[in-house]
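Here are some worked exercises to go through with the model open beside you. Try each task before reading its solution.

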Amino acid sequence: MARKRVAVLISGRGSNLAALIEAAKDSSYPAEIVLVVSNRPQAEGIVYARGAGIATTIIDHTDYGKNRKAFEHALQAVLEGSGIEIVCLAGFMRLLTPWFIDRWKGRMLNIHPALLPNFKGLHTHEQALSAGAKKHGATVHFVTADMDAGPIVCQASVPVQKDDTAETLAERVLAVEHKIYPLALKWLAEGSLRLNEGTCRLHGAHVPDGVTMPTA
Ligand code: GRF
């Protein structure tokens, strides 16, 4: 079966992008990263993608002012022009409108650095520390119009330690992000992950130790 054509949308460092690119180097992986789009020209991840020989496009949101629609039309045109089948948001710091989200329904994933539904939004590690959470982690979910509230594909947790700072905790969480994002994309690309009335179902795929699915 042909590998699914994936675009990764970033705004910054791109470590999750790197994890996806690394996973897709295996020719048996069911997806290939064919395009990286950044809304910030200076995103480090763009440099990484170029080094990996992947096509990159910058769509600088500041060129569009407050016109989100025009920004998203430009984005959609680039994705369609590259025959993209799946979109992965990886540290992409723009809110997307329902117009765009609808076009990628069931085909757009995001990674969030918390165990959703806990700690939505920004500064999740600070939120976890100030809430006194004992456990924290990461979630891959489908993107829907409600921010950080789309159907959960999978999660992995890490312990919060007494002397953690937001930085030490972020590093521990990032390590599991890099495991679960390639896994979730694999499931979606190979067709074992399906959305059924807003809930993720996995057919014929194995959930490794340390990874949880709400419905498994
Ligand atoms: C990650 O923590 C991701 O979960 C969040 O933004 C961060 C992006 O990091 N959405 P990177 O650019 O993938 O290194």
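**Exercise 1. Which helices and strands each supply at least two residues of the lining of the largest pocket?**

First, the ground rules. This is a predicted model, where local features need pLDDT of at least 70 and side-chain atom pairs count only at pLDDT 80 or more, while totals for chains, interfaces and linings use all residues. Residues are numbered from 1 along each chain as its sequence is written, and side-chain values use heavy atoms, with hydrogens and water left out.

Step 1: list the elements. They are H1, helix H4 (98-103), E5, helix H5 (124-130) and H6. (Helices, H or I of at least four residues, and strands, E of at least two, are DSSP runs numbered from the N terminus.)

Step 2: pick the main contributor. H6 gives the largest share, six residues.

Step 3: fill in the rest. The pocket holds about 1200 Å³ of space, and of its 42 lining residues, Gly91, Phe92, Met93, Pro113 and Leu122 are the closest to its centre. Sorted by class, the lining has 19 nonpolar, 14 polar and nine charged residues. (Ala, Val, Leu, Ile, Met, Phe, Trp, Tyr, Cys and Pro count as nonpolar, Asp, Glu, Lys and Arg as charged, and the others, Gly among them, as polar.)

A pocket here is an open set of points on a 1 Å grid over the protein atoms alone, with protein on both sides within 12 Å along at least five of seven lines; a cavity is a set where a 1.4 Å probe fits but cannot get out, and lining residues have an atom within 4 Å of a point. Grid points are joined across faces, edges and corners, and a volume is the space filled by probe spheres set on the points.

**Exercise 2. In what order do the strands of the open sheet run?**

Step 1: trace the seven strands. The order is E3-E2-E1-E4-E5-E6-E7, with mixed pairing; strands pair if DSSP finds at least two bridges between them. Strand E3 (55-58) and strand E7 (152-159) are the edges, each pairing on one side only.

Step 2: look at one pair. Strand E1 (residues 4-10) and strand E2 (residues 31-38) are parallel over seven bridges, and Lys4 stands opposite Ala31 in E2.

Step 3: finish with the hairpin. Strand E8 (residues 193-196) and strand E9 (residues 199-202) run antiparallel, joined by four bridges. Asn196 has Thr199 in E9 as its bridge partner, and Glu197, in the hairpin with two residues between the strands, takes a positive phi near 45°.
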